Amino acid sequence: VCLVGGSQIDVDVDASCNLLQLKQSIYDLLQVPPEMQKLIREDANILEDSDLSLEALFDCANVASIALVICTEEISRTLTCKTSVYTKVLDALHVCARFAMLLKGNEQVMPAVISRLEDRDGGIRRAALAALSWMAEKSNPVVISLVAKFLEDCNGEVRAEAVTCLGRIACLGDQHAIAELIARFDHKD
């Protein structure tokens, strides 16, 4: 399977497996949920989940070449849907963190990640901060201010992630980040 950016991974599956089984194998390797994967054949046709078998994709050496595209629409939908299942939201945030370089500046995914910073669940807020820390542009004052407010979060793990996040997005000596930290020196936590 070719990944965006040109790297490749080998996925060992039986030629008789279906597309969902292949997507599950990719999930086991990359932690990209099947619903967030789009697989594209060499001839540029998108494989559909309804495709029953992958046998037609294999060559005489029993090798198939498929490109994996991460579906940003599905990530965004999962993150912005109020009824999304907790584990699916966490999966989407982990995909954002893992593939941040590909998603950096994405106008659909970034706002969806930021929206999850307001989640009432601390685990979701922490995962959103982790994803944001990899996706945000360095020394962006808007993002630094946004992250800095989580230094006062009621959840200690969220506060710790906010510190880590600031360390990733603020450059050494960043005056905006320093001002945000100084403003919180008197905070009870």
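This is a predicted model: local features need pLDDT of at least 70, side-chain atom pairs count only at pLDDT 80 or more; totals for chains, interfaces and linings use all residues.
Entry: I began with the strand order and found an open sheet of three strands, arranged E1-E3-E2 with mixed pairing. I noted that E1 (2–3) and strand E2 (37–41) are the edge strands, each of which pairs on one side only.

**Entry: the two pairings.** I then looked up the sense of each pairing: E1 and strand E3 (residues 66–70) run parallel and are joined over two bridges, whereas E2 and E3 run antiparallel and are joined by five bridges. As background, I wrote down that strands of a sheet pair through backbone hydrogen bonds, in either a parallel or an antiparallel sense.

**Entry: bridge partners in E3.** Which residue of E3 does leucine 3 have as its bridge partner? I found leucine 68 in that place. I also saw that cysteine 2 stands opposite alanine 67 in E3, and that isoleucine 40 stands opposite alanine 67 as well.

**Entry: the faces of E3.** I listed Ile66, Leu68 and Ile70 on the covered face of E3, and Ala67 and Val69 on the uncovered one.

**Entry: the charged patch.** On the surface I located a patch of negative charge where Asp10, Asp12, Asp14 and Glu55 gather. Of these I traced aspartate 14, which lies in the loop between strand E1 and helix H1 (19–30).

Entry: For isoleucine 182, I noted its place in helix H9 (residues 175–182).

Notes. Residues are numbered from 1 along each chain as its sequence is written. Side-chain values use heavy atoms; hydrogens and water are left out. Patches are made of residues with over 30% relative accessible area and no salt bridge: like charges are joined within 9 Å, nonpolar side chains (Val, Leu, Ile, Met, Phe, Trp, Tyr) within 5 Å. Accessible areas come from the Shrake-Rupley method with a 1.4 Å probe; for residues, only the protein chains shown count as cover. A salt bridge is a side-chain nitrogen of Lys or Arg within 4 Å of a carboxyl oxygen of Asp or Glu. Lys and Arg count as positive and Asp and Glu as negative; His and the chain ends are not counted. The place of a charge is taken as NZ of Lys, CZ of Arg, CG of Asp or CD of Glu. Helices (H or I, at least four residues) and strands (E, at least two) are DSSP runs, numbered from the N terminus. Two strands pair if DSSP finds at least two bridges between them. Buried means under 20% relative accessible area, exposed over 50%, partly exposed in between (1.4 Å probe, protein chains only).
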